Amino acid sequence: MGPLGYSGAVPDRPVFSVITSFAGHQLYLTPRPGHGDHFVVAPLLPAGTERAHTDGVPAPRGISVPADPVKAAALIRRRLLLNFRLAAMKAQSNTSSGPEIPVTITLDPNGRPDVLVANARGLYELLGREGLLLDPATGRCRLPESVREPSEVGWRTNRAVRKLVHLGFSVTTRLADGRTFRYSVQGHTATATAEGPVTGYPHTPRRSR
């Protein structure tokens, strides 16, 4: 915990920010109580992982940095980022193994995707290339609120599915009506299997909300 242990004991409502990288790494920043010229910087669980995935993984400690952005960045790089990246890699590897790393996409009644992936390459594709955002509270990827048109929601979701399948991920899509579709690559062909009360399956997830 480092200095975060004390800052978490302050009863006032905390003021904080979360910085997110395209690999799903997140840093929590908050003013250090009693030190107006310093901030606390602490790592959060990598996207798509849970506390159980960190068993046996040494957790990098939070650190205190000055308000000067150049000095703060240098301290974060030197004292935090390397250990954080190594710990994140181990935690993410504990979530799955094998060539077809699972990705779960849950569609709400409006067809908006909620994506759970614990893999740096998959997160980079979704966050860095597809323009999804990472929810710091859940570690899940979602479309920006500015994307509202159902047609755009649908094609962006389908494009993300196709890209993940092409990269070798095993994608499970859960529709709001309870139907489930799985997509994987066999040779060079993407195939889908359906579970639940449905005959046939779509080549890409249908918008259901």
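In this predicted model, Arg-129 and Glu-125 both belong to helix 3, where they stand 4 residues apart, about one turn of the helix. Because an α-helix has 3.6 residues a turn, residues three or four places apart point the same way. The two side chains form a salt bridge, in which the closest N and O atoms are 3.5 Å apart. Glu-125 is buried, its relative accessible area being 5%, and this value falls under the 20% that marks a residue as buried.

A further salt bridge joins the side chains of Arg-159 and Glu-130, with a distance of 2.8 Å from N to O. Since Arg-159 is located in helix 4 and Glu-130 in the loop between helix 3 and strand 7, this pair ties together parts that are 29 residues apart in sequence. Glu-130 is buried, with a relative accessible area of 5%, whereas Arg-159 counts as partly exposed at 32% relative accessibility. Both pairs belong to a network of salt bridges that links Arg-121, Glu-125, Arg-129, Glu-130, Arg-159 and Lys-163.

Glu-152 counts as partly exposed at 26% relative accessibility, while Arg-156, at 13%, counts as buried. The count of salt bridges in the model comes to 10.

Helix 3, which spans residues 120–129, contains the buried residues Gly-122, Leu-123, Glu-125, Leu-126 and Leu-127. The buried residues of this helix pack against helix 2, strand 6 (113–116), strand 7 (133–134), strand 8 (141–142) and helix 4 (150–166). The N-terminal end of helix 3 is capped by Asn-119, a side-chain oxygen of which lies 2.9 Å from the backbone nitrogen of Arg-121. Helix 3 is followed by Gly-131, which has a positive phi near 80°.

His-25 is found in the loop between strand 1 and strand 2 and is buried, with a relative accessible area of 15%. When residues up to four places away in sequence are not counted, His-25 touches Ile-19, Thr-20, Phe-84, Arg-85 and Ala-88.

Strand 2 also pairs with strand 3 (residues 35–43), again in the antiparallel sense, over 6 bridges. Pro-31 stands opposite Phe-39 of strand 3, and the hairpin of strand 2 and strand 3 has 2 residues between the strands, with Gly-34 at a positive phi near 80°.

On the surface of the model, Leu-82, Leu-86 and Met-89 form a nonpolar patch, which has about 340 Å² of accessible area for the three residues together. Of these, Leu-86 lies in helix 2, which covers residues 69–93; helix 2 is also one of the elements against which the buried residues of helix 3 pack.

How values were computed. Residues are numbered from 1 along each chain as its sequence is written. This is a predicted model: local features need pLDDT of at least 70, side-chain atom pairs count only at pLDDT 80 or more; totals for chains, interfaces and linings use all residues. Side-chain values use heavy atoms; hydrogens and water are left out. Patches are made of residues with over 30% relative accessible area and no salt bridge: like charges are joined within 9 Å, nonpolar side chains (Val, Leu, Ile, Met, Phe, Trp, Tyr) within 5 Å. Accessible areas come from the Shrake-Rupley method with a 1.4 Å probe; for residues, only the protein chains shown count as cover. A salt bridge is a side-chain nitrogen of Lys or Arg within 4 Å of a carboxyl oxygen of Asp or Glu. Buried means under 20% relative accessible area, exposed over 50%, partly exposed in between (1.4 Å probe, protein chains only). Contact means heavy atoms within 4.5 Å. A polar contact is a pair of N or O atoms within 3.5 Å; within protein, one must be able to donate a hydrogen and the other to accept it, and residues adjacent in sequence count only if both atoms are side-chain atoms. Two strands pair if DSSP finds at least two bridges between them.
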